[in-house]
Amino acid sequence: MKPTIYSVAEEAGVSISTVSKVINQTGHISERTRQKVIEVMAQLNYHPSVVASALTGKPTKTIGLLVPDISNPFFADLARSIEDRSHERGFHVVMCNTDNDAEKEKKYLSLLIRQRIDGLIVASAFRNANLLKNMLKQDIPISVIASEIPHISVNTVTVDDYKGSYLAADYLLSLHHKKIAIITENAKSNHARLDAFRDAMQAAKEFKIDVPQDLSVIGFDNTVLSTTITPMLTTVAQPTKEMAVNVVDLLIREMKYPAIHKEHLLLEPKLIIRKSTAPLRRDATASTNN
């Protein structure tokens with residue numbers, strides 16, 4: 001039989017209100033009584049109902065997180081950092097993968113609302129802004145990270161993509177490269193990015209192009225893949241942990257002070273130099289000039 005607050009109170013020899021105070025960390029209770037109740041809850045494997053708490057008007061200490069694809073190493077790092085910071089602030093996270101699909105977005109938002117989340121973090125280019133507007137009307141604060149959603153007033157935390165691209169281009173120019181190409185894609189997973197890099201290496205080898213002596217390659221995001229491929233990838237790093245800390249703190253601040261003005265933070269990227277870039281060889285320069 002599933003344990004209840006009544007069975008915890010009976011086993012611990014205390015009132016139901018005392019158990020409630022321990023769960024919600026309210027009121028004045030002796031440390032001895034508090035430890036006794038906690039021990040009984042553990043013995044009975046009792047877990048308070050978050051939804052039941054929400055129905056009484058109490059915060060659930062729950063943050064919803066929407067990401068497009070957790071298998072993408074950038075969003076995996078971001079989600080972990082968001083979870084870590086939320087835990088530090090006394091919250092837990094419910095994460096949903098949207099795959100940038102409008103139907104999934106609608107389905108998961110409905111689920112999160114039913115679970116009475118205290119706030120929502122959106123880490124994707126959300127397709128239906130009206131759904132988010134409806135959440136705001138229900139006084140559920142929203143913060144957006146690594147993206148921007150037009151026409152809604154929310155906190156945002158992004159990285160200066162222009163500066164990141166500028167850093168990459170400027171570094172290649174400093175290595176005397178003159179023919180520079182940019183390859184972009186709407187990748188849904190880390191596999192696409194990894195395959196793209198490997199394909200570029202296979203093509204370079206086929207045409208007897210040496211990386212980095214003949215061809216320098218720079219990536220973006222500085223994910224774990226950057227150090228697990230050969231040669232290790234020079235990349236523009238996004239400050240993932242700093243982004244996560246800011247977005248969580250802004251969301252929690254809005255929970256406490258709903259009328260406070262919204263922040264739009266633009267963080268600085270950083271160029272991480274590794275083995276996939278090198279100065280252009282003189283013979284390559286000569287052939288270019290010819």
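**Notes on the salt bridges**

1. At 22% relative accessibility, Asp249 counts as partly exposed, where buried means under 20% relative accessible area, exposed over 50%, and partly exposed in between, using a 1.4 Å probe and protein chains only. The model is predicted, so local features need pLDDT of at least 70 and side-chain atom pairs count only at pLDDT 80 or more, while totals for chains, interfaces and linings use all residues. Residues are numbered from 1 along each chain as its sequence is written, and side-chain values use heavy atoms, with hydrogens and water left out.

2. Asp249 is joined to Arg89 by a salt bridge at 2.9 Å, N to O, a salt bridge being a side-chain nitrogen of Lys or Arg within 4 Å of a carboxyl oxygen of Asp or Glu. This pair links distant parts of the chain, 160 residues apart, with Arg89 in the loop between H5 and strand E2 (92-97) and Asp249 in helix H11 (residues 240-256); helices (H or I, at least four residues) and strands (E, at least two) are DSSP runs numbered from the N terminus. Arg89 is partly exposed at 30% relative accessibility.

3. Arg80 and Asp84 also form a salt bridge, at 3.0 Å from N to O, and because they lie four residues apart in helix H5 (residues 73-88), about one helical turn separates them. Arg80 is exposed, at 52%, whereas Asp84 is partly exposed, at 34%.

4. In the salt bridge between Glu254 and Lys262, the closest N and O atoms are 3.6 Å apart; Glu254 is buried at 8% relative accessibility, and Lys262 is partly exposed at 23%.
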